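Trainee: I should like to learn how to read a model of this kind, feature by feature. May we begin with the structure itself?

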Amino acid sequence: MRFNKPRGHKDKGAQSLKWSYQSIAKLGGFTDTKPTGIASWTAVWEGWSTLQSHVVGYLVAKDMIADD
(Lines give C-alpha, C1' and ligand atoms only; values in the text may rest on other atoms or scores of the structure.)
Protein backbone atom coordinates (compact mmCIF):
# COMPACT_ATOMS: atom_id res chain seq x y z
CA MET A 1 0.00 0.00 0.00
CA ARG A 2 1.30 3.44 -0.90
CA PHE A 3 0.91 6.46 1.34
CA ASN A 4 1.62 9.73 -0.38
CA LYS A 5 0.77 13.39 -0.66
CA PRO A 6 -1.90 14.52 -3.12
CA ARG A 7 -0.75 15.73 -6.52
CA GLY A 8 0.43 19.32 -6.57
CA HIS A 9 0.90 19.41 -2.78
CA LYS A 10 4.60 20.40 -2.72
CA ASP A 11 4.74 21.10 1.03
CA LYS A 12 1.93 23.67 1.02
CA GLY A 13 0.88 22.78 4.56
CA ALA A 14 -1.73 20.39 5.88
CA GLN A 15 -4.06 18.52 3.55
CA SER A 16 -7.71 19.44 3.39
CA LEU A 17 -10.44 17.71 5.37
CA LYS A 18 -11.89 16.40 2.09
CA TRP A 19 -8.58 14.75 1.21
CA SER A 20 -8.39 13.14 4.67
CA TYR A 21 -11.99 11.90 4.47
CA GLN A 22 -11.52 10.39 1.02
CA SER A 23 -8.16 8.84 1.93
CA ILE A 24 -9.67 7.09 4.96
CA ALA A 25 -12.63 5.96 2.87
CA LYS A 26 -10.26 4.57 0.21
CA LEU A 27 -8.64 2.42 2.89
CA GLY A 28 -12.13 1.02 3.48
CA GLY A 29 -12.67 0.19 -0.18
CA PHE A 30 -14.24 3.41 -1.48
CA THR A 31 -13.61 3.72 -5.24
CA ASP A 32 -15.86 6.68 -6.16
CA THR A 33 -17.37 4.90 -9.17
CA LYS A 34 -20.09 7.53 -9.26
CA PRO A 35 -18.05 10.74 -9.12
CA THR A 36 -19.96 12.19 -6.17
CA GLY A 37 -17.04 12.06 -3.74
CA ILE A 38 -19.37 10.81 -1.00
CA ALA A 39 -18.37 7.56 0.70
CA SER A 40 -20.66 5.30 2.69
CA TRP A 41 -20.32 5.18 6.46
CA THR A 42 -19.32 1.54 6.14
CA ALA A 43 -16.36 2.46 3.93
CA VAL A 44 -15.33 5.25 6.30
CA TRP A 45 -15.48 2.99 9.37
CA GLU A 46 -13.65 0.15 7.60
CA GLY A 47 -10.99 2.64 6.51
CA TRP A 48 -10.70 4.02 10.03
CA SER A 49 -10.26 0.50 11.38
CA THR A 50 -7.57 -0.23 8.78
CA LEU A 51 -5.79 3.02 9.61
CA GLN A 52 -5.81 2.15 13.31
CA SER A 53 -4.33 -1.27 12.51
CA HIS A 54 -1.54 0.40 10.52
CA VAL A 55 -0.82 2.77 13.40
CA VAL A 56 -0.65 -0.09 15.91
CA GLY A 57 1.67 -2.04 13.61
CA TYR A 58 3.90 0.99 13.18
CA LEU A 59 4.10 1.60 16.93
CA VAL A 60 4.91 -2.07 17.64
CA ALA A 61 7.64 -2.09 14.97
CA LYS A 62 9.05 1.20 16.29
CA ASP A 63 9.11 -0.21 19.82
CA MET A 64 10.84 -3.40 18.66
CA ILE A 65 13.53 -1.42 16.84
CA ALA A 66 14.06 0.84 19.89
CA ASP A 67 14.60 -2.22 22.13
CA ASP A 68 17.62 -3.40 20.12
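Trainee: How many helices and strands are there in the chain?

Mentor: Helices (H or I, at least four residues) and strands (E, at least two) are DSSP runs, numbered from the N terminus. The chain has two helices and zero strands. This is a predicted model, in which local features need pLDDT of at least 70 and side-chain atom pairs count only at pLDDT 80 or more, while totals for chains, interfaces and linings use all residues. Residues are numbered from 1 along each chain as its sequence is written, and side-chain values use heavy atoms, with hydrogens and water left out.

Trainee: What span should helix α2 have, and how far apart are its end C-alpha atoms?

Mentor: The expected span of a helix is 1.5 Å times one less than its number of residues. Helix α2 covers residues 41–66, and because it has 26 residues it should span 38 Å; the end C-alpha atoms are 37 Å apart, in agreement with that value.

Trainee: What percentage of the residues of the chain count as buried?

Mentor: Buried means under 20% relative accessible area, exposed over 50%, and partly exposed in between (1.4 Å probe, protein chains only). Of the 68 residues in the chain, 16% count as buried. Accessible areas come from the Shrake-Rupley method with a 1.4 Å probe, and for residues only the protein chains shown count as cover. The accessible surface of the chain is about 5,900 Å², and carbon and sulfur atoms hold 60% of that area.

Trainee: Which residues are buried in α1, and which in α2?

Mentor: In α1 the buried residues are Gln22, Ile24, Ala25 and Leu27. In α2, Ala43, Val44 and Gly47 are buried. An α-helix has 3.6 residues a turn, so residues three or four places apart point the same way.

Trainee: What do the buried residues of α1 pack against?

Mentor: Here one needs contact, which means heavy atoms within 4.5 Å. The buried residues of α1 pack against α2. Conversely, α1 (17–27) is included in what covers the buried residues of α2. Among contacts in the chain with a separation of 6 or more, 21% join residues 24 or more positions apart.

Trainee: Which residues make up the largest nonpolar core?

Mentor: A nonpolar core is a set of buried Ala, Val, Leu, Ile, Met, Phe, Trp, Tyr and Cys residues joined through side-chain atoms within 4.5 Å. The largest one has five residues: Ala25, Phe30, Ala39, Ala43 and Val44.

Trainee: Where is Phe30 found, and why does Phe30 count as buried or exposed?

Mentor: Phe30 is in the loop between α1 and α2. Phe30 counts as buried because its relative accessibility is 13%. Not counting residues up to four places away in sequence, Phe30 touches Ala25, Gly37, Ile38, Ala39 and Ala43. Between Phe30 and Gly47, 17 residues apart in sequence, the C-alpha to C-alpha distance is 8.7 Å.

Trainee: Which residues take a positive phi?

Mentor: Just after α1, Gly29 has a positive phi of about 105 degrees. Asp32, although not a glycine, has a positive phi of about 55 degrees. Asp32 is in the loop between α1 and α2 and is partly exposed, with a relative accessible area of 29%.
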